[in-house]
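I opened the model to look up how some of its strands pair. My entries follow the structure.

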Amino acid sequence: MIRIFQMGMKQTLTILFLILVLGINVVDAQYFGQNKPSYEQFDFELYKTPHFEIYHYFDNPELVNQLASLAEKWYYYHQQVLIDTFDTRNPLIFYSNHGDFQQTNTIHSRIEVGTGGVTEGLKRRVVMPVTFSHHQTDHVLGHELVHAFQYHILTKDEAISLAAINNIPLWMIEGMAEFLSLGSVNSQTALWMRDALIHDRFPTLKQMTMSYRYSPYRYGHAFWAFISYKYGEQYIPRLFKAAAVSGYEQAIGDVLMLSTDSLSVLWKETLESHMLQTVNDSTFSIIGKTLISKENGGRYNLNPSLSPDGKYIVFLSERDLYDIDLFMAKTQSGKVISRIYTATSHDEIDALNFIETSGSWSPDSRYFAFIAYKKGQSTCFVFDVKKKDIIREVKIRDVDEISWPAWSPDGESIAFAGLKNGRSDIYVYNRHSHTVENLTQNSHSCMQPSWTPDSKSIVYVTDQAVVTQNQPTNVYCNIGIIHTKTKISSVLRTFDNAKNLNPIVPQSGDKILFLSDQDGRRNLYAIDLSSNDLFRITDYPTGIIGMTEYSPALSIAGDTLCYSMLWDGQFKIYQTTLSYIKLNIQPVYHHHFQPSASRLVPYSSIPSQVETNLYFDRRPSQMQVDSFYTDQIEPKFKLDYLGNASAGVMTGRFGTGMAGSVEAMFSDILGQNVLYTAISINGEIYDFGAQVAYINKKNRIKFGAGISHIPYRSGSYSYEQDTLPDGEVLKTLNYTFRRTFEDKVSLFTFLPVNKTRRLELGVAYAFYNYRIEKIKDINNYSNIYSGEKEKLPAPPGFGTAIIDAAFVIDNAKMGLASPVEGKRLRIQMEKYLHNMEMHTFLIDYRRYFFIKPYSLAFRIYHYGRYGSDSDSNRMNELFLGSPWFIRGYDLGDFYGDETVDPSTISINQLIGSRMLVTNMELRIPFTGPKEIAWFRSRFLFSEMAFFLDGGLSWNKNSYPTWSLTTNSPRVRIPVFSAGLAYRVNLFGAMVIEPFYAFPIHQKRIKSGEFGINIFAGW
């Protein structure tokens, strides 16, 4: 499963059999689509433990041994609760940072910034990066190994199968992983639950299943904590298996003897009595005014960063609905004035690092620095606010990853948290000398740096314990301070065992403000630097927090303070002043962590295996050091994906036909070598197609080879005249059905330059042969089965060599069923080398303009065959009336003979070897999230589109004209259509587009024609 921090979505594999049936070679690169570039080549090594195969490329043996010990620890924990053991070693693939992780070949889909780790099903491979915090790495590993157990449970039971995972709702799957890796004491999940209870928005199990609004991680975590508390941990594997067999509703009834509604009520009542215990859980006031909320931002407004002059605030938001972007607003009014970063305007950047880092302003409020990934490396980009452009890039070459930039008040330096060899330290980059210095250089995690006003010291977060914290097995998040010149550092004692994060120093320099969950909530505190006295500033039942526990949620400029807070299911940014909050300051006379309010369920005297393991950090006592050893990597070519296995036979008055398909994908353990296979038949035995393709993905330039047999089918209507014996002339409508069989061997290569651009090059040898049949005397254009079938002479077969090259740009941002913002461009050329004197040229340019919540889309498309054989009968003619080009012309009853009737056109007007197409659409979200769609729907995502299509087709024996009328088949005129389309997104698997189009030609609007497309909108 994919470990995603709060916001994210699952991605699916390409549906290869559809591509095969439609005659598009899988072995060739995809037509459009964004890339997953590989900028580096990783030399993996194999390290084995009793239950795991660990693949890594680390130079630090201590880190490898530490990860191995953590994996065995989690195996020991999870197998006790899930009553399951691995019969073979489970693969674990580690990357040294998130930028490298995004390049993994093990997972074929793209890795988003919010993805902390992935576990795939058939091979149970766990793939994840090392993070800035030892605690985070430990938690993500524990979370992903729960998924490995889940997959193992499903595959080893003969009564279940891996496909049964689809019967289990996501909140059960992800929630179990969170509970078994975190336990029932967690302030982050607790504040989500408390927020839902306060606002009377606590969901039922059905709502959690049907709506995307409820985090499957947080609510699922709380659900399994409740099950463990109420019934015991032994019910976890029972309920999971039962849900896999019959779904969660039936499983709850069979295992717990309750309906889902009754269990929902019981769960909510238990949490209400437990979590809403104090007055401030329901009666309190928010300090400051709402600056950024859903009204001027989105539902998620995060990582605030105030300019030093207090005039502007930069924040992250999905304000424009379809992605997380970086916005700038005025602090006085909250009005958004610009978008600093979006994927469509900065497509040279692979991804914005928006999870656990915010940006930093220069002291003069002119520049803003933020972190993003470019060419596989985390990079600091400096944005000029006046020029509204990125003017500089800062890369720390000897560091694996950087995060949390902090510009010094004197403007000389920028501090970062840097990750190297699995260890995070505080680094300082000098802007003038371009030198980098590691300040902390210790074995502890050091992150979230912030400067003191005199630019002489940096405060930061560390897991280093103070002297009084004498429990070495516990995880600490303390506040450290280091002098940049002397390197003298100290760790301040705040609250033991709590997460004390996001330290900032006000202009006075006498205190450090920070966030802590010491009482199970998440509030603002201060520590006096001279006396070490502690003070509470806010007292909220939910808390000041970002997307994750480590996300920055606090920013200060002069007397102005901004913070983000979870409130009513949304993240809002509030603004106040230091002068005002001092009125609420209260001294705190202890350093203790009070976990009661962090508990997701009431305390129970029943022993908990999960809690015991986590609290005492128990390790498997029987594990010996010599059971860890290095070994040689074996490819282990195994099945990755098997799907679309189906078969059927039809016979009846319309004839006999067959349909079926099966596809499979295999790869080695690291995904560097991939084998695609696909077989399909759709119609008669002649319509059998198959492909086999191999791709090597190890290097930046990918290459591969393929062999295929593809049947291409096309047909056309025509009127023919027969003279009867009595001299009568009979005009009949016939349908000519043509099959072109392509047998092809290909070599290809492609270079993903970055996420949005790629180059493609291929050579192939193909042999073509044909079968042509005529169905005579049919009743109308839509019935091609009632006439007599006659086999016609076909052109002789031939072989030819082909060279092709293409350049592709795609930075489009997808909406509900089609792109809504950005651009797409494909320029492609092909050259046929012998037996056919021909070359082809294609240009396809698309542009999308987002006008919230609507979108305007434009396309111009040209494809042409050129050369002496461009009109050879050995090639299928192009049909302009395909629904993919101009809608409303594929089954029209309006075709006739323009030489006889000037109000009509023949189908020849739409057939040729060259075509020019243009399309325009106004796209309207129809059903989906209420923020964008006309009608709210939790599961049906669809859009409407008003369209205008136009195009022109011609060949060597005809010529195009811009006249709107013609009475000659050799004079080709543009044809148009206008109408309404409705696209339905079928759960991400495919998009179906029924449409109603009015053809327009010969200066006349024809009656409407209904049709259907099975593609996402262009």
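Which residue is the bridge partner of F946 in β54? I found L980 there.

I noted the basis before going on. The model is predicted, so to speak of local features I need pLDDT of at least 70, and side-chain atom pairs count only at pLDDT 80 or more, while totals for chains, interfaces and linings use all residues. Residues are numbered from 1 along each chain as its sequence is written, and side-chain values use heavy atoms, with hydrogens and water left out.

Entry on β51. I looked up strand β51 (residues 941-954) and found eleven of its 14 residues buried (under 20% relative accessible area, 1.4 Å probe, protein chains only). Strands here are DSSP E runs of at least two residues, and helices are H or I runs of at least four, numbered from the N terminus. Two strands pair if DSSP finds at least two bridges between them. β51 pairs antiparallel with β54 (residues 975-986) over eleven bridges, and with β49 (residues 914-928) over 13 bridges, also antiparallel.

Entry on the open sheet. I read the order of its four strands as β7-β31-β30-β29, with antiparallel pairing. β7 (289-292) and β29 (554-557) are at the edges with a single partner strand each, so one side of each has no neighbour in the sheet. β29 pairs with β30 (residues 560-567) over four bridges, and S555 has C562 in β30 as its bridge partner. Helix α6 (residues 187-198) packs on this sheet and touches β30 and β31 (570-577), where contact means heavy atoms within 4.5 Å.

Conventions: Axes fitted to C-alpha atoms, helices over the stretch in contact; angles between N-to-C directions. Buried < 20%, exposed > 50% of the residue type's maximum accessible area, 1.4 Å probe, protein only.
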